[in-house]
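Hello,

Please find below the structure I am handing over to you. My notes on what was found in it follow.

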Amino acid sequence: MRAARLPTLLLVLLAPLTTTLPAAAADAWLMTYGTADRIEERFGHNALWIRDPERGIDTVYNFGFFDFDTPGFVFDYLQGDLVYYAVARDPVEELAYYQWRDRSVRAQLLDLDDATIRRLSDWLEQRVQPDTRDFAYDYYFNNCSTRIRDALDFALDGALREATGSRPAVLDLRQHTRRLVRPDPALYLGIQAALGRRVDRPRTAWEEMFLPEVVAREIGDLRVDDGQGGTRPLVIDDRMLHESARPDPAPTPSFPWGATLGLLCCALGLLALPLAVFRRRAVRLAGWRAWLAFNALGGSLLLYLWLATSHAVTAANENLLLLNPLLGLLWRARGGRTERVAAGLIAAGLLLAVLLKLVPGNQWNLDLLLALVPAQLLALWIWRRAGSAPGRTGAS
């Protein structure tokens, strides 16, 4: 029943837009869509809606499409070699989808003359053709929102970049990521562990427009040359076509105490509970060995993302000092030389991870630091006890 009503509801929503300007005039709208539950929806989305009756154009240009069924999609995703593509869509079809997903829909009318709108639509049309629609996707530096930003900057002869290219961003890339994925603890911890130091660098407002909501904010604040020695606001109409029932994301990140303490408790429980309950050495060390395996796999993945993929933001990742793959070398708990060297390097890494917090420009990972340093110290203590008397039942 809901799907059947969508076209009627959308016609009601679109009716005010169709009467905003004279029928013969062209107009351009920046469309901004809110966040939703799936991982690809966490950061919002945007598009450009161009209407030019004289040329028969009534199209939404959307740069946010990808194909899960592409052969090797998962491997390409892991490698950072994702390909997205642009599509020209019918407005009713476009807005029906976002209303169906209960994502907020904001429309901002841009004060552009017909010649500028036609130049913009030509730029967009060129990029939705079969031989030019694909582009190498990057979550922060070449995504659906930066494509819309670039289109608008082209239409404005560089005025958008001039206004934002040297102004500091409100939040850096990690801060935006933390606040937007915070509602999902597992997703938050996974992404937080994978991101390296590059996302902590100071950014400009131009770079911050990897987020659709920031594009909408900057466009809403932008004033352009009015041709008479003054300026005029670029946006002359700003309205919500659909209000989502979802709460808005937090404007700034807060410390994730729930996820942090949850990870800490799980780690300490896995390490300590078998020691308290069982007497046989193999069973007592089972949780500890599971923790070592988790670290070896997790740390190896972080190393792989840094050295063997195209993900620029996973390089120089200080979390390797916390999720150290060398923990896997302690598996036998025999106290041999290799184990002692590995344990020393692990302990030194933990100390370095703490000391790096005193260095300007370090990576923000206080949440993982708080959760993992106590757990790794307990893991090293268990290894020392187990390795000192390997043949005695219950010695650990």
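**Salt bridges**

Glu 213 counts as partly exposed, at 38% relative accessibility; buried means under 20% relative accessible area, exposed over 50%, and partly exposed in between (1.4 Å probe, protein chains only). Before the rest, note that this is a predicted model, in which local features need pLDDT of at least 70 and side-chain atom pairs count only at pLDDT 80 or more, while totals for chains, interfaces and linings use all residues. Residues are numbered from 1 along each chain as its sequence is written, and side-chain values use heavy atoms, with hydrogens and water left out.

Which residue does Glu 213 form a salt bridge with? The partner is Arg 179, and the closest N and O atoms are 2.8 Å apart. This pair links distant parts of the chain, with Arg 179 in helix 7 and Glu 213 in helix 10, 34 residues apart. Arg 179 counts as buried, at 5% relative accessibility.

A salt bridge here is a side-chain nitrogen of Lys or Arg within 4 Å of a carboxyl oxygen of Asp or Glu. By this rule there are 26 salt bridges. Helices (H or I, at least four residues) and strands (E, at least two) are DSSP runs, numbered from the N terminus.

- Arg 118 and Glu 54 form a salt bridge, with the closest N and O atoms 3.0 Å apart. Arg 118 lies in helix 4 and Glu 54 in the loop between strand 2 and strand 3, so the pair ties together parts that are 64 residues apart in sequence. Arg 118 is partly exposed at 25%, and Glu 54 is exposed at 61%.
- Asp 111 and Arg 232 meet through their side chains at 3.3 Å, N to O.

**Nonpolar cores**

A nonpolar core is a set of buried Ala, Val, Leu, Ile, Met, Phe, Trp, Tyr and Cys residues joined through side-chain atoms within 4.5 Å. The largest has 46 residues, and Leu 120, Leu 124, Leu 152 and Ile 219 have the most contacts inside it. At least two residues each come from several elements, among them strand 1 (27-33), strand 4 (83-89), helix 4 (114-126), helix 7 (173-181) and helix 10 (212-221). Helix 5 gives the most to this core, with five residues.

Ile 219 touches Leu 30, Leu 110, Leu 152, Leu 160, Leu 234 and Val 235, leaving aside residues up to four places away in sequence; contact means heavy atoms within 4.5 Å. Another core, of 42 residues, lies apart from the largest one and includes Leu 264, Leu 305, Leu 320 and Leu 322.

**Aromatic pairs**

Rings of Phe, Tyr and Trp (its six-membered ring) pair if their centres lie within 6.5 Å; planes under 30 degrees apart count as stacked, over 60 as edge-to-face and the rest as tilted. The count comes to 17 aromatic pairs.

In one of them, Phe 66 and Tyr 84 have ring centres 5.0 Å apart and planes at 40 degrees, so the pair is tilted. Phe 66 is in the loop between strand 3 and helix 2 (73-79) and Tyr 84 is in strand 4, 18 residues apart. Both residues are buried.

Phe 255 and Trp 364 have ring centres 6.1 Å apart and planes at 65 degrees, so that pair is edge-to-face. Their separation in the chain is 109 residues. Phe 255 is partly exposed at 22%, as is Trp 364 at 23%.

One aromatic cluster is formed by Phe 63, Phe 66, Tyr 77, Tyr 84, Phe 135, Tyr 137 and Tyr 139.

**Backbone**

Most residues other than glycine have a negative phi. Where does Asp 157 lie? Asp 157 is in the loop between helix 5 and helix 6 (159-164), and its phi is positive, about 55 degrees, although it is not a glycine. Asp 157 is exposed, at 65%. Ala 316 also has a positive phi, of about 50 degrees; Ala 316 is found in the loop between helix 13 (286-307) and helix 14 and is partly exposed at 32%.

Regards
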